[in-house]
Amino acid sequence: MAATTLSKITKQRRISNAEASKRMGDLGWMPTYVQQAVAYPTDYELNKIPKDPMRQVLRSYFPMQEEKDNRVYGALDAGLRGDMFRNVEARWVEWMKLFLAIIPFPEISAARSMAMLTHVVPGDNLQTGFATQMIDELRHSTIQMNLKKWYMENYIDPAGFDITEMAFGKCYATTIGRQFAEGFITGDSITSANIYLTIVAETAYTNTLFVAMPSEAARNGDYALPTVFLSVQSDESRHIGNGHAILMSILDNPDNHLLLERDMRYAFWQNHAIVDAAIGTFIEYGTKDRDKNKESYAELWHRWIFDDYYRSYMLPLERYGIKIHHEDVQEAWDRIVKKDYVHLTAQFFSFGWPFNFWRIDGMVEEDFEWFEAKYPGWYNKFGAFWENYRKLSLPNNPPNLYVEQGYIYPHRCWSCMVPCLIHEDFQYGEVDGKIYTYCSELCKWTHMNAFAGEYEGRPTPAMGRFSGKREWETLYHGWTLDKALEDLGFVRNDGKTLMPQPHLHMDDSKMWKLEHVKDLPVSSPLEGFRALTPEGREEAAATYRAGYKIRPL
């Protein structure tokens, strides 16, 4: 018998990927003689075995990913050779300190969530799909971390990039990102890893995350982020397919429909509240490109979320007897175009600039013209604020948050962790004897109903709970700003200059230092609100809902 050699093995005719995927499924991932422990429970019952729609196997997967990685790292090298950082807009790169502090954590959380699905989704066919998605997410997190390191090594002001892992989840903005990502890996495994992650976040919102962001980056001279994030987006079709396969299995059992309606509602609203606040701010306020022919974030949202996702993906579910809450989608749209949700988020981030680790550039006349063209009436609402922001940007003034100009520092929403920026929608309620505040009626419903131990008479023991010290402001209630910044680590290497700055100047005489924020008080609106009597809380809530108006300085 002739000896078997590597050459002979590799020259053998291969079976198709579809056949290879089928044989892998036939082999099974768990031995039949063991009873698998329920490590990640679910309240859903899946009887129909889902199929892997992509039939991706590792022998085809790894060469494809290697090629994409080579393109990513080749493009980063080309960016340096082409002296990209001589032309990139500093306004944009500064906001990337926040974005790249947040986004690797959702990616690695998504990788971890695949283990949850392997424990509860029946059959072996889709296990290979979960394995490749897990590797995808690990790859995404890795190349994004590398991009962050690349910016740190080459950008003129690395402060902020160098502490993003330490800073993540600690400041007034990254706590929102932490809330978003921990939703993938906590509570009911189907709710978190399937409905919240693959059915809504990846199917609906990766266009805004991984297509709109790269487009705006390129407009600002940043060709590194588009290379990395379009490489990420190219994997999402597999993830969407995995999610849809499980969704079809869920729909097959009518006992699941009530939970699915709950989770679609919760997941859509959380994604809207968090992703639209963050990505809308980056795209609209992190750019220097003011081409009036480009789409605004509102226009992008209507095309990708309202038309593509809501009309093409959500509405067909009604054929299966699932109630779709159309009013929620309409309210999300109204919050963006009528209630200035993105603009209020950018205003909040800018008002609170001392609480972060990046520099926030103020808006100027060219920006005003673009916003007015895209959002008529914008200047009357926000013009005075941004003019005040410029006047107060140097340290011969107090930080604008401590200058009386009409702004009310917002309450924090206990559900989505985004502040209660649309004042007329402010809500509060009591759970387990404690008072909590919410940005909207639907976020109040999320905490008080969706995340309860029982939903509309059905016990839901696997559903998650909101707990812990989730509000940034409560941790530093009663501190002074200088001591809080030192504790957070948001001070530059000289031990006195702040990482955050309300401008892009690098002249030391224009940089804010600890001495400029010494003894300024930090307080939590929630702590004060809880201390009121029931009558006092209702009066305070009515005053809060009445809103405010910025006065020009």
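This is a short tour of the structure, stop by stop, with what to select and what you will find there.

Before you start, note that this is a predicted model, in which local features need pLDDT of at least 70 and side-chain atom pairs count only at pLDDT 80 or more, while totals for chains, interfaces and linings use all residues. Residues are numbered from 1 along each chain as its sequence is written, and side-chain values use heavy atoms, with hydrogens and water left out.

**Stop 1: helix 12**

Select residues 236-251, which form helix 12. Helices here are DSSP runs of H or I with at least four residues, strands are runs of E with at least two, and both are numbered from the N terminus. Helix 12 has 16 residues and reaches 22 Å from its first C-alpha to its last, close to the 22 Å expected at 1.5 Å a residue; that expected span is 1.5 Å times one less than the number of residues. Twelve of the 16 residues are buried, meaning under 20% relative accessible area, with exposed over 50% and partly exposed in between (1.4 Å probe, protein chains only). Among the buried ones are Glu236, Arg238 and His239, and also Ile250 and Leu251.

**Stop 2: His257**

Now move to His257 in helix 13. His257 is buried, with a relative accessible area of 13%. Show its contacts (heavy atoms within 4.5 Å): not counting residues up to four places away in sequence, His257 touches Ile250, Leu251, Tyr320, Gly321 and Ile322.

**Stop 3: the largest nonpolar core**

Next, colour Met96, Phe99, Leu147, Tyr151, Tyr172, Ile190 and Trp301, which touch the most other members of the 170-residue largest nonpolar core. Helix 13 gives the most to this core, with 15 residues. Such a core is a set of buried Ala, Val, Leu, Ile, Met, Phe, Trp, Tyr and Cys residues joined through side-chain atoms within 4.5 Å. Zoom in on Met96: leaving out residues up to four places away in sequence, Met96 touches Ala101, Tyr151, Phe161, Met213 and Leu225.

**Stop 4: helices 16 and 18**

Select helix 16 (341-351). Eleven of its eleven residues are buried, including Tyr341, His343, Gln347 and Phe351. They pack against helix 4 (90-102), helix 13, helix 14 (297-314), helix 15 (326-337), helix 17 and helix 18.

Trp378, Phe382, Phe385, Trp386 and Tyr389 are among its buried residues. What covers the buried residues includes helix 13 (257-285), helix 16 and helix 17 (365-374).

**Stop 5**

Go on to strand 1 (residues 427-431), which is largely enclosed by the rest of the structure because four of its five residues are buried. Five bridges join strand 1 to strand 2 (residues 434-438), and the two run antiparallel; strands pair if DSSP finds at least two bridges between them. Look for Val431 opposite Lys434. Two residues lie between the strands of this hairpin, where Asp432 takes a positive phi near 55°.

**Last stop: the largest cavity**

Finally, select Ile102, Gly177, Ile274, Ala278 and Phe282: of the 17 residues lining the largest cavity, these lie nearest its centre. Helix 13 returns here, giving the most to the lining with six residues.

Key. 1 Å grid on protein atoms, 1.4 Å probe; cavity = no way out; pocket = protein on both sides within 12 Å on 5 of 7 lines; lining within 4 Å.
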